[in-house]
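User: Please take me through this two-chain model by question and answer, giving the rule behind each term as it comes up.

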Amino acid sequence: MSAKRDVYITEVALRDGSHAIRHQFTVDHVVQVARALDEANVPYIEVSHGDGLAGSSLQYGFSLTDEMELIEAAGSVCRQAKVSVLLLPGIGTVNELKEAAKRGAKMVRVATHVTEADVSAQHIYMAKELGMETVGFLMMAHMAPVEKLVEQAKLMESYGADIIYVTDSAGAMLPHQVRGKIRALKENLDVEIGFHGHNNLSLAMANTLAAIEEGATRVDGSVRCFGAGAGNTQTEVLVAVLDRLGINTGIDMYNMMDLAEETVAPILGHPQEITRDAMILGYTGVYSSFLLHAKQAAEKFQIDSRDILLELGKRKLVGGQEDMIVDVAAEIAKAGTKAAR
Amino acid sequence: MSKVKVAILGSGNIGTDLMMKLRRSSVLELTAVIGIDPESEGLQVAREFGYEAIDSGIDGFLKRPEMADIVFDATSARAHFGHAQLLKEAGKKVIDMTPAAIGDLVVPPVNMEKHLDVPNINLITCGGQATIPMVHAVSRISPVKYAEIVATISSVSAGPGTRANIDEFTQTTARGIEQIGGAKKGKAIIILNPAEPPILMRNAVYCLVESVDERKMTESILKMEKTVQSYVPGYRLKTEPIFDGNKVTIFLEVEGAGDYLPKYSGNLDIMTAAGVKVAEEFARHQIKKKVI
């Protein structure tokens with residue numbers, strides 16, 4: 001595997017997948033998965049709480065294991081792969097970033113809502129100072145028109161980001177929209193462009209291919225779709241598809257298939273599928289990690305979780321506003337009781 | 001009753017909103033607004049209302065220090081580091097509206113009395129002003145092992161200072177939750193929401209307590225709501241407190257008074273209202289001392 005990679009895949013199961021198992025990763029899980037991914041020659045492995053560094057909280061769910069231990073554990077078993085972390089300004093700070101770097105993280109993705117890029121300046125500066133590869137991660141990209149996206153991406157580029165990602169956090173984008181956004185960034189920016197998808201509308205693969213065709217050279221996947229909502233682009237399948245397209249990812253497909261089946265599937269517990277709730281996320285444009293929170297609230301208030309998610313979409317919530325879920329659920333339940341009277 | 005003279009340093013949004021609130025005060029007399037741009041809207045408004053509009057910054061004010069005993073600093077954290085020293089030397093009380101956090105952290109309904117004689121007061125953050133009273137309302141009933149707050153504000157109400165220093169927001173707020181709120185461990189999260197029309201400031205407060213007493217805690221929380229409402233009329237609970245095991249959840253909303261800043265920016269209103277409240281307590285304290 002010495003040929004240069006055409007596309008660099010970041011495996012996000014150990015970060016985005018954290019949502020799917022309510023942040024219950026153990027050191028043992030991370031060591032097993034990271035070692036296998038490293039052996040399969042995956043170039044980047046992301047490890048963090050699902051909501052990024054310092055995401056462990058009552059709002060999003062406490063981590064079973066301190067994420068710094070997980071980051072360190074992943075780094076300790078990687079020969080070639082680099083460990084990446086996610087940081088959402090407003091949740092994590094430069095202090096956690098420094099600690100993660102100390103524990104072996106080599107890349108950071110600084111994530112903001114697609115219209116709020118200017119809150120990332122201090123973190124991007126610090127990441128560069130720490131010598132980390134630095135990604136500007138524009139979340140909920142479906143919510144902004146192309147011009148706005150370009151303007152915000154340029155801000156992150158000006159702070160020093162090496163790569164800018166179009167992040168479809170809600171799994172709401174359609175292939176032609178991904179095309180338009182990636183193309184505009186390729187035309188207006190000098191840095192590398194990436195794409196992160198969710199499979200809520202069964203479009204993660206199609207969108208990822210559209211992004212690559214428009215010039216994206218960085219894409220995300222999660223093994224077995226181990227991510228929030230219906231998960232991300234399934235990494236092992238993506239490796240196979242890109243291989244058929246003659247695009248070199250440098251990743252060993254057989255190894256990936258084996259680790260997906262033998263190592264990752266048992267941790268995930270139940271297979272990822274596009275449930276009706278996941279579908280609604282994509283259909284209405286809601287942040288994928290709201291899924292399990294909405295399900296829980298629906299059970300508590302005895303209402304349909306889809307009604308909660310639809311209302312959250314209507315109110316144009318951004319990532320991180322999990323506290324609104326209970327609030328909205330309570331309102332729907334109250335309105336329902338009134339109507340029944 | 002005689003009034004205590006105050007000046008506002010900074011002629012931006014916060015300074016101008018302060019101006020509107022100070023006009024109503026029965027114990028404070030606004031004399032001057034200090035800026036660096038004679039054309040700024042803040043200084044123009046000041047002139048219209050008949051206040052002295054000083055356009056040569058802190059130096060201009062220091063030439064006429066008799067203009068005020070209390071100075072609000074509504075500039076920026078960076079500028080405040082310099083201002084704090086100069087104003088201290090001039091013997092002025094300073095209410096710091098910036099996130100510099102050099103002085104003692106104060107949330108008026110919780111720890112004002114302990115800080116009546118200090119030269120520099122810092123108001124933490126909007127999230128702190130909104131949520132720390134509630135953490136305190138819980139911790140005065142039962143020890144709080146952990147308190148976490150999530151402040152969601154409209155994007156348009158987050159100024160460039162907040163945006164460039166978002167880490168200071170979470171760190172200073174967390175410090176305030178511990179030091180003033182009384183939680184053993186504090187955590188703060190801030191979220192900016194760009195929805196149009198702009199959303200009202202919203203806060204979630206979660207406390208993990210040692211022992212739950214629903215009746216006493218609810219009473220304490222409702223009482224605190226009233227206390228904060230006495231100076232921030234748009235401060236309100238969204239729902240009754242929610243009890244779940246040893247977790248107490250409080251949802252709050254803050255609507256601005258709409259003095260100068262729009263009503264949705266309750267996050268800015270609660271800061272200026274707290275600033276005026278602190279200055280009024282200072283003034284009452286000073287007048288009382290003189291009488292004695």
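Analyst: A residue counts as buried when its relative accessible area is under 20%, as exposed when over 50%, and as partly exposed in between, using a 1.4 Å probe and protein chains only. This is a predicted model, in which local features need pLDDT of at least 70 and side-chain atom pairs count only at pLDDT 80 or more, while totals for chains, interfaces and linings use all residues. Residues are numbered from 1 along each chain as its sequence is written, chains are lettered from A and ligands numbered from 1 in the order in which they are written, and side-chain values use heavy atoms, without hydrogens and water.

User: Is Cys126(B) buried or exposed?

Analyst: The UniProt record, an unreviewed entry, places the feature "active site" at Cys126(B); such positions are given in the numbering used here, with feature names shortened, and annotations may be inferred rather than shown by experiment. Cys126(B) lies in helix α6 of chain B, residues 126-139, where helices (H or I, at least four residues) and strands (E, at least two) are DSSP runs numbered from the N terminus. Because its relative accessibility is 11%, Cys126(B) counts as buried.

User: Which residues does Cys126(B) touch, leaving aside those up to four places away in sequence?

Analyst: Contact here means heavy atoms within 4.5 Å. By that rule, and with residues up to four places away in sequence not counted, the partners of Cys126(B) are Phe169(B), Met201(B), Asn267(B), Ile270(B) and Met271(B).

User: How many salt bridges cross the interface of domain 1 and domain 2 of chain B?

Analyst: A salt bridge requires a side-chain nitrogen of Lys or Arg within 4 Å of a carboxyl oxygen of Asp or Glu. The side chains of Arg24(B) and Asp259(B) meet in such a bridge, at 2.9 Å from N to O. Across the interface of domain 1 and domain 2 of chain B, the number of salt bridges found is 2.

User: Which element gives the largest share of the side of chain A that touches chain B?

Analyst: The two chains bury about 2,400 Å² between them, with 52% on carbon and sulfur atoms, and the count between chain A and chain B is 5 salt bridges. On the side of chain A, α4 (94-102), α5 (121-129) and α14 (323-340) each supply at least two residues. The largest share, 5 residues, comes from α14(A).

User: Which residue caps the N-terminal end of α13(A)?

Analyst: Helix α13 of chain A spans residues 305-314, and its buried residues include Ile308(A), Leu309(A) and Leu312(A). Just after α13(A), Lys316(A) takes a positive phi of about 55 degrees. At the N-terminal end of α13(A), a side-chain oxygen lies 2.9 Å from the backbone nitrogen of Arg306(A), and the capping residue that provides this oxygen is Asp304(A).

Key: Polar contact = N/O pair within 3.5 Å; in protein donor to acceptor, adjacent residues only side chain to side chain. Buried area = accessible area lost by both parts, 1.4 Å probe.
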